[in-house]
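Here is a short report on one protein chain. Look over the sequence and the model before reading on.

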Amino acid sequence: MIKIEPDEIDWKNLQFKFIATKKMFLSDYRNGKWDEGHILDFGPVEINPAACVLNYGQGIFEGMKALKTKNGEITLFRPEENAKRFKTSADRMLMPKYDVAKFLKAVKKVVRRNEEYIPPYDSDGALYIRPLMIGNGPIVGVKPANEYKFIIFTVPVGPYFPEGFKGVDLEITKEYTRAAPGGTGAAKTCCNYAGSMLPAKLTKEKGFAQVIFL
């Protein structure tokens with residue numbers, strides 16, 4: 001993994017792709033409780049091949065952004081709503097809740113430690129924040145893990161679509177479904193996204209930016 005220093009980034013031409021920043025947050029859930037968590041250097045996390053997330057998809061995440069204002073202040077857009085949805089997703093996936101106040105504190109701490117990677121105000125970029133929780137405890141048989149990791153990392157990004165902040169062409173699909181009644185569609189869980197990759201690939205080959213699932 002190659003790390004790029006902030007002064008090497010072309011802020012005016014950022015894309016929505018992975019660029020490693022310097023610090024991340026990690027907290028472990030063991031014996032029925034979360035530890036205090038800590039900031040550490042961004043890097044790989046060891047995981048058991050029998051981890052629940054690898055075998056049964058028990059994982060959730062959020063997507064947030066930190067922006068620089070015109071006068072240089074750092075701002076987040078309604079981070080408490082992401083924290084609340086994270087709890088809702090955890091409930092649906094039988095994962096331990098992470099306290100909203102602690103979630104917000106950890107997010108702000110990671111953003112501050114990666115402040116130099118927040119794109120300038122006039123760049124159309126943002127510091128993308130990815131909180132995630134995975135069932136890393138080893139499991140054989142479909143049931144919740146007994147150990148979990150909560151991780152927050154950041155990535156400087158440009159607009160999500162290559163077209164930038166312009167209108168995009170979307171294709172409505174009736175062949176593929178992203179969510180079903182009684183399913184996990186309301187939870188921001190990893191397993192909801194894997195199935196959307198094929199229809200997204202097919203629609204992009206036709207010249208559309210993305211799929212609208214009915």
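## A charged patch

Which residues form a positive surface patch? They are K102, K105, K109 and R113. Lys and Arg count as positive, Asp and Glu as negative; His and the chain ends are not counted. Patch residues have over 30% relative accessible area and no salt bridge; like charges are joined within 9 Å, nonpolar side chains (Val, Leu, Ile, Met, Phe, Trp, Tyr) within 5 Å. A salt bridge puts a side-chain nitrogen of Lys or Arg within 4 Å of a carboxyl oxygen of Asp or Glu.

K109 sits in helix α3, residues 100-113. K109 is partly exposed, at 35% relative accessible area. Buried means under 20%, exposed over 50%, partly exposed in between (1.4 Å probe, protein chains only).

## About the model

The model is predicted: local features need pLDDT of at least 70, side-chain atom pairs count only at pLDDT 80 or more, and totals for chains, interfaces and linings use all residues. Residues are numbered from 1 along each chain as its sequence is written, and side-chain values use heavy atoms, leaving out hydrogens and water.

## A nonpolar patch

L170, I172, I212 and L214 form a nonpolar surface patch. Together they have about 370 Å² of accessible area. I212 belongs to strand β10, residues 210-213. I212 is partly exposed, with a relative accessible area of 34%.

## The whole chain

The protein chain has five helices and ten strands. These are DSSP runs: helices (H or I) of at least four residues, strands (E) of at least two, numbered from the N terminus. Buried residues make up 43% of the 214 residues. The C-alpha atoms fill a box of roughly 50 × 45 × 30 Å along the principal axes.

Notes
Accessible areas come from the Shrake-Rupley method with a 1.4 Å probe; for residues, only the protein chains shown count as cover. The place of a charge is taken as NZ of Lys, CZ of Arg, CG of Asp or CD of Glu.
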